[in-house]
Amino acid sequence: MPHRATVRPMLPFPSLETLRAACRALPPGDEAAVAAVHRRQDRLTKPPGSLGRLETLAAWLARWQGTPMPQIGRVAVLVFAGNHGVTARGVSPYPAAVTAQMVANFAAGGAAINQLTALAGATLRVVPLDLDRPTGDIAVAAAMTEAEFLDAVATGCAAVPAGLDLLCLGEMGIGNTTAAAALAAALFGGDGARWAGRGTGVDEAGLRRKQAAIDLALAHHGGALADPLEAARRLGGRELAAILGATLAARRQGIPVLLDGFATTVAAAPLACLAPGGLDHATVAHVSAEAGHRGLLAALGMSPLLDLGMRLGEGSGAALAVPLLRAAAACHAGMATFDSAGVSDVG
Ligand SMILES: Cc1cc2ncn([C@H]3O[C@H](COP(=O)(O)O)[C@@H](O)[C@H]3O)c2cc1C
Ligand SMILES: O=C(O)c1cccnc1
């Protein structure tokens, strides 16, 4: 397969400015591959467009894999984990210790993502980021220093294996739906009431604490949040920064990306804010039941593949959507043409 001839290794990012420059210099998709996909789709034994989104997905895979015959062979699920200082505000019903406990559960094969990764025929890699050093409490401080943020982004970049056909991204971090909602507010406007959801299941009082923490964070960080990378550094988390890095690295390596739920979509969103089409190589696998996700997808102009009422995170929705991409690639590659099958086309 000639695709992905140009693998651009990630540079280290000594400053926010170098990272910003990389986010603004993204390689374009392969439009010749897309045109070839459309020509072939016109000749396959089906009424034009009858495979609906599967046809769009075949073209999308071709554009970002850089080949007219995309394939879904090597698939990896990357789950990044981080801890959040904002948990001290009672924004999650679960203790922060659950983050590390779930990382152990991932290693033992006992989590939902283990089952869904196996079904997807993918490999799972979990990357914990300084779990014993929670981020700053975003309501009163920056989540990370610049060095910590750039380090987490670089870890995400480096975690992307070469030669993948598809990358699924997810996260684990108690409290991270609060961080993600704050970041969504900074990137797309609005306040805690617009973006906070129930996460793992906070009650009414917990939801109000969550909204208040977000509103305090927005007021505390103020004008600095106008820059998407500063917003990610101040309001996000290490696992969210790593997702940003992995999404950036995937673009440079010609690897299409499936994003999981609300937190993962927000984490990658600075790419869309920094450059037009910055997230075009990513598809959102499912719309989460987390309250802000539909609004976020509308703001990004993205349309999810699945809508199953899931609100787990940990990459579960992304892994679940892999067979849809396999189906798109299989129909595209395997179907006969009207000519080869001797089927009559429209008269
Ligand atoms: C046992 C367990 C497994 C999880 N797997 C993903 N999450 C999800 O829930 C967390 C975010 O929700 P909140 O902001 O309400 O804390 C993240 O870790 C996310 O991946 C889990 C949460 C729990 C409790
Ligand atoms: O959609 C998500 O990312 C999500 C929802 C609930 C809990 N954790 C993550």
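Predicted model: local features only at pLDDT ≥ 70, side-chain atom pairs only at ≥ 80, totals over all residues.
1. Ligand 1, closest residues. The shell around ligand 1 holds 17 residues. Those that come nearest are Ser92, Thr177, Gly199, Thr200 and Gly313.

2. Ligand 1, sources of the shell. Three elements each supply at least two residues: helix 4 (97-108), strand 3 (166-172) and helix 7 (176-188). Helix 7 gives the most, with three. By class, the shell of ligand 1 splits into nine polar, six nonpolar and two charged residues.

3. Ligand 2. Its surroundings include Gly261, Phe262, Ala263 and Thr264, along with Ser288, Glu290, His293 and Arg311. Thr177, Gly199, Thr200 and Gly313 also surround ligand 2, and these four are among the residues that come nearest to ligand 1. Helix 12 (residues 262-274) makes the largest contribution to the shell of ligand 2, three residues. Eight residues of that shell are polar, two are nonpolar and two are charged.

4. Strand 3, burial. Why is strand 3 largely enclosed by the rest of the structure? Seven of its seven residues are buried, so the strand has the remaining structure around it. Leu166, Cys168, Gly170 and Met172 point one way. Leu167, Leu169 and Glu171 point the other way, and all are buried. Side chains in a regular strand alternate between the two faces of the sheet.

5. Strand 3, partners. Strand 1 (residues 75-81) runs parallel to strand 3, joined by seven bridges. In this pairing, Val75 is opposite Leu166. Strand 4 (residues 257-259) also pairs with strand 3 in the parallel sense, over three bridges. There, Cys168 faces Leu258 as its opposite residue.

Terms used. Residues numbered from 1 in each chain as written. Chains lettered and ligands numbered in written order. Near = placed C-beta within 6 Å. Helix = DSSP H or I, 4+ residues; strand = E, 2+ residues; numbered from the N terminus. Nonpolar A, V, L, I, M, F, W, Y, C, P; charged D, E, K, R; others polar. Buried ≥ 20, exposed ≤ 12 C-beta atoms within 10 Å, placed from the backbone. Pairing = 2+ DSSP bridges.
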